[in-house]
Amino acid sequence: MDDTATTRPDAPPTPTDREPLSAPPTTPTEDASSDDSEERAAIAASIPGADGNTPLAQAVADDARKRITLTGRTVPRPARTRVLTVANQKGGVGKTTTTVNIAAALAQAGSTVLVVDLDPQGNASTALGIDHHSEVPSVYDVLVDGRDLTEVVQPCADLPGLVCAPATIDLAGAEIELVSLVARETRLEKAVSAYVEHRRETGDQLDYVLVDCPPSLGLLTVNAFVAANEVFIPIQCEYYALEGLSQLLKNIELIRNHLNPALHVSTILLTMYDGRTRLSAQVADEVREHFSAQTLRATVPRSVRISEAPSHGQTVMTYDPNSSGALSYLEAAVELAERGAARSTTEETA
């Protein structure tokens, strides 16, 4: 569905159309905040629905509801830093796009986030507006030379609270150079742990670390799996994506058995979803049937705005915050944060 559907001149305005998506929320009491959420939910529920015969009207109504309920929303901060590896061996499923936009949405909602760009192409660095030419200190220096992440990370100018460890083209040769190094599979884990501890000691706790992986299972991806406790899998709503998922799960199991017993798939996000096609619906149903606990309710549609944003050195969250793509990623980020908070509460009471 084209994002222009959300900005048609004849579309009815919503109460928050004039508010930026990243507008800081007020700081009311807990009761007042609850009342505000209930009021937003009531307004969203009052928007007339549309049946499947009018997909354009349905998309406009859905985006209006999301805008009302999500604008200015804050998310619960985790008790300890969550490290998620965003992985899928199949290329073109939205790994990098998902990494940078979920990170941006979490930062807008009040969380502190580190993005580790582990793909030699450096696309995540580009989308966040981070310099990543060959002279810039990068993840390559961390993995091969043992450099501290504190010397490598750069702040994202558009999003306070978001920092990025960039990738340069040098990372393409790291696979070969790592082979001869001691503890080659754990080098990223040690660097991330040291950085997280440094942030904790300085009173600026890091909430999330998102690692963007290359589309392969080489030493770079193995390092990412060892560094994380959670795997975040974006799945394109196409048939081939299901074949790639089964192979990815086998490789995750290998990592669990030999290198990182704590690793588990915590989150699956359906991307490039087109509700007008039967194939997208079938793929979504099959994924939800087999991975109901891990699959987010939110889905990300095919979106021109999402594709355009990196060419401007931005995420879609800052490039066009009112687009259906930005609203979908914000919805997914809120769900990701709330699920993590719910799991933590369950573990503490168990």
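Biologist: What makes you say that helix α8 (residues 219-227) is largely enclosed by the rest of the structure?

Modeller: In this predicted model, 9 of the 9 residues of α8 are buried, so the helix is largely enclosed. Buried means under 20% relative accessible area.

Biologist: Which residues of α8 are the buried ones?

Modeller: They are L219, L220, T221, V222, N223, A224, F225, V226 and A227.

Biologist: How do you know that the length of helix α3 (residues 95-108) agrees with what it should span?

Modeller: α3 has 14 residues, and at 1.5 Å a residue these should span 20 Å. The expected span counts one less than the number of residues. The C-alpha atoms at its ends lie 20 Å apart, so the two values agree.

Biologist: Why is α3 called largely enclosed?

Modeller: Because 13 of its 14 residues are buried. Just after α3 comes G110, with a positive phi of about 100 degrees.

Biologist: And strand β2 (residues 113-117), what makes that largely enclosed?

Modeller: The count for β2 is 5 buried residues of 5, so the strand is largely enclosed by the rest of the structure. In a regular strand the side chains alternate between the two faces of the sheet. In β2 both faces are covered: V113, V115 and D117 are buried on one side, L114 and V116 on the other.

Biologist: How do you know that β2 pairs with β4 (residues 162-165), and in which sense?

Modeller: Pairing requires at least two bridges between the strands. β2 and β4 are joined by 4 bridges and run parallel, so they count as a pair. Within that pairing, V116 stands opposite A165.

Biologist: Over how many bridges do β2 and β5 (residues 208-212) pair?

Modeller: Over 5 bridges, again in the parallel sense. V116 has V211 as its bridge partner in β5.

Biologist: Why are β3 (154-155) and β8 (295-301) said to stand at the edges?

Modeller: The open sheet has 8 strands in the order β3-β4-β2-β5-β1-β6-β7-β8, with mixed pairing. β3 and β8 each have a single partner strand, so one side of each is left without a neighbour in the sheet. For β3, the pairing with β4 is antiparallel, over 2 bridges. There Q154 has C164 as its bridge partner.

Biologist: What share of the 350 residues of the chain counts as buried?

Modeller: The share is 49%. The chain exposes about 16,000 Å², and carbon and sulfur atoms supply 51% of that area.

Biologist: How many helices and strands does the chain have?

Modeller: The secondary structure comes to 13 helices and 8 strands. Of the contacts between residues at least 6 apart in sequence, 78% join residues at least 24 apart.

Conventions. Residues numbered from 1 in each chain as written. Predicted model: local features only at pLDDT ≥ 70, side-chain atom pairs only at ≥ 80, totals over all residues. Heavy atoms only, no water. Buried < 20%, exposed > 50% of the residue type's maximum accessible area, 1.4 Å probe, protein only. Contact = heavy atoms within 4.5 Å. Areas by Shrake-Rupley, 256 points an atom, 1.4 Å probe, with all protein chains shown as cover.
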